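Please consult the sequence and structure shown below.

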Amino acid sequence: MSQIGVCKIKEQFVVTDHERTLDLNHVSAKDIEKITGVECDEPDAKKPKLEEGKKLKGQNKARKNFAQYNPSEALCSKITRITEDEEFPETCQFEKCKFLHKVEDYLKTKPNDIGDDCYNFETFGQCNFGITCRFAKKHVTVEGKNKIDRGKMEAVKKDEQVLNVLHSEKRFSLQRKKYDFHLADKMIKHVDGLRKEEKEKKVDEKSVQTSGAVTDEDIVKLLKREKKKIDFKDKLFLSPLTTVGNLPFRRICKEYGADITCGEMAMCSKLLQGTTHEWALVKRHHTEDVFGVQLCGNNPHIFAKCAQLLDTEINVDFIDINLGCPIDMVYREGSGSGLMRRQNVLETCIRSMTNLMSIPLTVKTRTGIYNNTNIAHTLIPKLRDWGASLVTVHGRSREQRYTRSSDWEYIRECAQVASPLPIIGNGDILSYEDYARARESCPELYGVMIGRGALIKPWIFTEIKEQKLYDISSSERFDILKKFTNYGLENWGSDNKGVENTRRFLLEWLSFLYRYIPIGLLESPPQKINERPPYYKGRNDLETLMASPSASDWIKISEMLLGPVPDTFTFLPKHKANAYR
Ligand SMILES: Cc1cc2nc3c(=O)[nH]c(=O)nc-3n(C[C@H](O)[C@H](O)[C@H](O)COP(=O)(O)O)c2cc1C
């Protein structure tokens, strides 16, 4: 696969370091207005400074990207949703409500609106954010009541767009530990019993699932149940991507041809506590026709309970176990890549989960934990025998993170020992050429998974399907960002909080998007993922701006779409995920 180095740019586009400070980081607000017609404030350097001597690698842990909200400046949601044919209530139904109840009080601190057209109102005929929407002009009356376009509302049903929203009574039962997990508990006992029995009798591993005294009626029923199957062959799989692989981003990848999508890694323990943040990670857009949820945990009890819970409560096609997360905290507690070295625990997890689930269980792993000690090839046959339906191999170890190219020769070794278990290869695919090389060098593979390639150029799925490279213009790329912003306002809301959440996720994505080099500028396309983009000047100011590695320029782009950032705003991206030297 690709070598680590620097991408070669056609000479006329390369700029020196000096020009770079003059040009790249200082495309002015005026230039942007000229290109896009959007008014834009000139931001100060709003990037928090790293401590001196600190290297940029792994995750940025010093981030403070979350906006704080004061309830005494927010309007009560009951008031927000009052429609034009309703009266404002005299008093709030919640005695201790801390929010504002008068529209005029709220308007004293409401930030300026960003635009006149509300995407949610235009698309669905209703915007639940009423007067608090930052694009409220066309859907509120002079008194601040919400207008509704009933015709549109009937035609496009908003609540059918997103699936897997947890009902409040289920959330309460999880929070109060009242959810009935007796099946999961019994299954673990059953599987543990069989494992002990097997150890004592030293029976053949393969016979575990069918042998042994199965006495409990519930367990017998579960074991007899037929499982749904998924055809993974030759499908383009979008990686699970924490933070950046959010629902609006996945929608865009689907539109460009991704076949299979997966939610961001969700923590089993938090799903079992019913936390809103974790449950947001299992939401599925209706366009995601083959969709999985990825779980991270460190013991069979939480994995089995989650398997039972998700299989019963949500609409999901497969559940994936994360065996690759390299983050120290996750590894130390024995989850993610830490689970690779706890194979007895892993066996109970997988056997219990597969027996509880009516859908396939998949596993995503790395080559191993340490640099020169690959272990995936010894683990994969066990995963197959324990009941996994598919394994994805990311061709790097935990220790390597992104510092070397993905090892596709080793991925092939894994695919060869796995049969008949399907293996998906993963790592460093940024073009059709990379894809074709991976498939040719490894014919045993079922397909590939694409992570950063989709973040850097989401149209990669189309390129692979059409077997060509696209020279996308900066204005087309800007339109993709506009679309993401609209999907973001739909997903996170169009009030101030929603706008700032959308901005934060947009900025996280921009921290990958700037790495794209338009093919018209490359000396020998296609671009290689591990080659650092040199400083270059685009074919117009917007292209130059989009190539900037500076967070203050990403902020500038966000301001073109979502208005000026709040006064105290700072941004440091969460992930770096590159192998540049
Ligand atoms: C920002 C980011 C977030 C990621 N989050 C996850 C995750 O939640 N679960 C997971 O299994 N892998 C995660 N990964 C790893 C990717 O899924 C993928 O295995 C890795 O990036 C290698 O593929 P690529 O070279 O195509 O990017 C993440 C990677 C990146 C860059």
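## Largest cavity

Helix 21 (474-492), helix 22 (496-513) and helix 24 (551-562) each contribute at least two residues to the lining of the largest cavity; helices are DSSP runs (H or I, at least four residues) numbered from the N terminus. The model is predicted: local features need pLDDT of at least 70, side-chain atom pairs count only at pLDDT 80 or more, and totals for chains, interfaces and linings use all residues. Residues are numbered from 1 along each chain as its sequence is written, and side-chain values use heavy atoms, leaving out hydrogens and water.

A cavity is a set of points, on a 1 Å grid over the protein atoms alone, where a 1.4 Å probe fits but cannot get out; lining residues have an atom within 4 Å of a point. The largest cavity holds about 110 Å³ of space, a volume being the space filled by probe spheres set on the points. Among its lining residues are Trp 459, Arg 477, Trp 509 and Trp 554.

The structure has two cavities of 30 Å³ or more.

## Ligand surroundings

Of the 21 residues around the ligand (a heavy atom within 4 Å), Thr 242, Gln 294, Tyr 402, Asn 426 and Asp 428 come nearest. A side-chain N or O atom of Asn 426 lies 2.6 Å from an oxygen atom of the ligand. For Pro 240, a backbone N or O atom is 3.0 Å from a ligand oxygen atom.

Notes: Polar contact = N/O pair within 3.5 Å; in protein donor to acceptor, adjacent residues only side chain to side chain. 1 Å grid on protein atoms, 1.4 Å probe; cavity = no way out; pocket = protein on both sides within 12 Å on 5 of 7 lines; lining within 4 Å.
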